[in-house]
Amino acid sequence: MLTLLSFSVKGFNGFKDKIHFDLTYKTNRTTETLRTVIILGKNGSGKTNLGKAIYDLCYNMFDRYSRAKSEFYSYAGASVPVEFRYEFLDDYTGDSFSYEYRVIDGKTVGEKITSIGGDELPEEKVMEFKNRIKDFAYHLKILNAPPFVDRGELKYHTSDETFIKAFNNLLSKGFNVDKEILVVGNRLYLREADVTLPFFECAGDFLIRLFLLLESVWAPDGIGPNLFSTLFVDDFLFFDTAEMTNQIIDILKGLSNQLIITSSNSRFFNIGCPKENLYVIGDGKIRAIQEATPKNLEGAHDFEKLYRGGTFEE
């Protein structure tokens with residue numbers, strides 16, 4: 001399976017200038033790739049645009065996808081080329097290569113696959129890599145985490161019974177929660193002890209948000225390891241405690257070869273995530289904390305306070 005080494009885009013939506021997202025370890029400058037990344041940024045900093053830009057790959061690979069009209073696609077609605085570049089590593093063969101193209105008025109031009117250094121590749125290699133990219137795109141998932149619970153809209157929401165069974169199993173074994181979701185007619189109910197009540201009307205926000213998040217990544221054959229090449233979860237909310245949040249992140253990590261999470265909640269700095277996995281986005285740039293932090297700062301520092309104080313802003 002392919003892993004994303006880096007991604008850059010210029011002229012897309014709110015990104016006027018080139019924005020570069022490097023997912024390799026910065027300490028040794030190798031092609032060893034981060035498998036879990038958390039990007040922190042304020043509302044309007046470009047977190048959602050980044051996910052949409054990465055997903056543009058699917059438009060090139062599959063005819064069933066269509067791009068938005070230019071006024072919602074390119075920067076300021078201008079009819080100027082939008083430039084994309086993806087760098088990949090093949091986990092099995094060790095091959096690394098780049099895929100780049102431009103989009104003008106919704107159409108792809110200048111598509112090419114080369115070595116990371118820009119060298120031309122034999123035609124058979126180009127076709128081989130193109131097929132691998134297509135497989136990567138097929139398993140690419142961009143997910144908007146439910147920001148809040150609209151109980152009224154969810155009142156008659158139902159779900160796949162195999163998912164409900166798996167979710168109940170997760171509650172009892174993963175979270176040690178003595179609750180069970182039942183399907184009665186066309187509605188979901190929550191049973192706790194001897195009491196059964198409508199799920200979306202009576203359950204807590206945490207339980208409902210967890211249900212909706214995992215339901216959105218459920219596949220017909222269930223939830224399994226490396227179901228996605230890259231899972232991009234936009235606007236991920238902090239669940240009640242750091243322990244719960246880490247449990248959910250661990251579940252998502254198990255579903256994907258590479259997990260990218262964005263959030264505006266600075267509490268993510270204090271969940272025990274390694275420094276090299278943390279990024280900040282703003283002012284048209286994505287910066288790794290390990291690069292943005294002054295060299296004299298060590299891991300014991302309170303990165304949340306530093307972030308709130310503007311340490312990582314230019």
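**Helix packing and loop contacts in a predicted model**

In the predicted model, residues Phe163, Ile164, Phe167, Leu170 and Leu171 of helix α5 meet Leu207, Leu210, Phe211, Leu214 and Glu215 of helix α7, where contact means heavy atoms within 4.5 Å and where helices (H or I, at least four residues) and strands (E, at least two) are DSSP runs numbered from the N terminus. By class, this contact of α5 with α7 comprises 9 nonpolar, no polar and 1 charged residues, with Ala, Val, Leu, Ile, Met, Phe, Trp, Tyr, Cys and Pro counted as nonpolar, Asp, Glu, Lys and Arg as charged, and the others, Gly among them, as polar. The model is a predicted one, in which local features need pLDDT of at least 70 and side-chain atom pairs count only at pLDDT 80 or more, while totals for chains, interfaces and linings use all residues. Residues are numbered from 1 along each chain as its sequence is written, and side-chain values use heavy atoms, with hydrogens and water left out.

Two packed helices are described by the angle between their axes and the distance between the axes. For α5 (residues 161–173) and α7 (residues 205–215), the axes come within 11 Å and cross at roughly 130°; axes here are lines fitted to C-alpha atoms, for helices over the stretch in contact, and angles run from 0 to 180 degrees between N-to-C directions. α5 is therefore oblique to α7, given that angles under 35 degrees count as roughly parallel, over 145 as roughly antiparallel, 65 to 115 as roughly perpendicular and the rest as oblique. The crossing of α5 past α7 is right-handed, a crossing being left-handed if the near helix is turned anticlockwise from the far one by less than a right angle, and right-handed if clockwise.

Helix α7 also packs with helix α8 (residues 242–255), at an angle of about 10° and with the axes 12 Å apart. The two helices α7 and α8 are therefore roughly parallel to each other. On the α7 side, Phe206, Leu210, Leu213 and Leu214 meet Met244, Ile248, Ile251 and Leu252 of α8, and the residues of this contact divide into 8 nonpolar, no polar and no charged. Helix α7 is largely enclosed by the rest of the structure, because 10 of its 11 residues are buried, where buried means under 20% relative accessible area, exposed over 50%, and partly exposed in between (1.4 Å probe, protein chains only). The buried residues of α7 are Phe206, Leu207, Ile208, Arg209, Leu210, Phe211, Leu212, Leu213, Leu214 and Glu215.

Helix α1 (residues 47–55) is likewise largely enclosed by the rest of the structure, with 7 of its 9 residues buried, namely Lys47, Asn49, Leu50, Gly51, Ala53, Ile54 and Tyr55. Within α1, Asn49 has a relative accessible area of 15% and is thus buried. Leaving aside neighbours within four places in sequence, Asn49 is in contact with Phe12, Asn13, Gly14 and Phe15. Of these, Asn13 is found in the loop between β1 (2–10) and β2 and is partly exposed, with a relative accessible area of 25%. Asn13 and Asn49 are 36 residues apart in sequence and 7.0 Å apart in space, C-alpha to C-alpha, and their side chains are joined by a polar contact of 3.5 Å (a pair of N or O atoms within 3.5 Å; within protein, one must be able to donate a hydrogen and the other to accept it, and residues adjacent in sequence count only if both atoms are side-chain atoms).

Further loop positions were examined. Thr24, in the loop between β2 (19–22) and β3 (36–40), is buried at a relative accessible area of 11%, and its side chain makes a polar contact of 2.7 Å with that of Asp22. Arg267, by contrast, is partly exposed, with a relative accessible area of 39%, and is placed in the loop between β12 (256–263) and β13 (278–282); Arg267 and Phe238 lie 29 residues apart in sequence and 7.4 Å apart in space, C-alpha to C-alpha. Asp105, in the loop between β5 (96–104) and β6 (107–115), has a positive phi of about 50° although it is not a glycine.

Among contacts between residues at least 6 apart in sequence, 64% join residues at least 24 apart.
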